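New notebook page. I want to look through this structure piece by piece and jot down what I find.

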Amino acid sequence: MPNGVEYAVDLRRRHCDCCEFQVERVPCRHVIACCANQRLDWQSYVHDVYRMDQIRKVYRARVTVAADAHTALGRVEVAQAPISVGI
Ligand SMILES: [Zn+2]
């Protein structure tokens, strides 16, 4: 590494000494470098929670909007504009 610090990567255990890989569950730059060196697909080390099919499952449930937000289960704060999610 340019700063002289070395990090050990264990792809089988999904571990890097920088801890970013374990915390974020996304390959850190050290894991990506190891994958490039070993000609492995770094994307296979991205946790399932970040996969689009898993994200779509979260937003699959339908939400029914009450006709009158003030009478439905007490007072409800209503957003001024629709929220757009880029999925
Ligand atoms: Zn790392």
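I started at Cys19, which counts as exposed because it has 11 C-beta neighbours inside 10 Å. I found Cys19 in the loop between strand 2 and helix 1 (20–24). Its phi is positive, about 75°, although Cys19 is not a glycine.

Before going on, I noted the ground rules. Numbering starts from 1 along each chain as its sequence is written. The model is predicted, so I keep in mind that local features need pLDDT of at least 70 and side-chain atom pairs count only at pLDDT 80 or more, while totals for chains, interfaces and linings use all residues. pLDDT is the predictor's confidence in each residue, from 0 to 100. For this protein the mean pLDDT is 83, and 76% of the residues reach 70 or more.

Next, the layout. I counted three helices and two strands, and from the N terminus on they run β-β-α-α-α. Both kinds of element are DSSP runs numbered from the N terminus: helices are H or I with at least four residues, strands are E with at least two. Which element has the lowest mean pLDDT, and which the highest? Helix 3 (residues 52–58) is lowest at 88, and strand 2 (residues 15–16) is highest at 98.

I place Arg14 in the loop between strand 1 and strand 2. With 14 other C-beta atoms within 10 Å, Arg14 is partly exposed.

Then I went to the segment before strand 1, where I found Glu6. Buried or exposed? Glu6 counts as exposed, because I get 8 C-beta neighbours inside 10 Å.

Tyr7 has 17 C-beta neighbours inside 10 Å, so I log it as partly exposed. Leaving out residues up to four places away in sequence, Tyr7 touches Cys16, Asp17, Cys18 and His30. Contact here means C-beta atoms, placed from the backbone, within 7 Å of each other. Between the C-alpha atoms of Tyr7 and Cys19, 12 residues apart along the chain, I have 9.6 Å.

Now the inside. Buried residues make up 8% of the 87 residues. The largest nonpolar core has six residues: Val9, Cys16, Phe21, Cys28, Val31 and Cys34. Such a core is a set of buried Ala, Val, Leu, Ile, Met, Phe, Trp, Tyr and Cys residues joined through C-beta atoms within 7 Å. I followed Val31: beyond its neighbours within four places in sequence, it is in contact with Val9, Cys16, Phe21, Trp42 and Tyr45.

Last, the record. UniProt, in an unreviewed entry, puts "domain: SWIM-type" at residues 7–39. Over residues 7–39 I see 45% helix and 12% strand, with the end C-alpha atoms 19 Å apart.

Key. A residue is buried if 20 or more other C-beta atoms lie within 10 Å of its own, exposed if 12 or fewer, and partly exposed in between; C-beta atoms are placed from the backbone. Two residues are in contact if their C-beta atoms, placed from the backbone, lie within 7 Å. UniProt positions are given in the numbering used here, feature names are shortened, and annotations may be inferred rather than shown by experiment.
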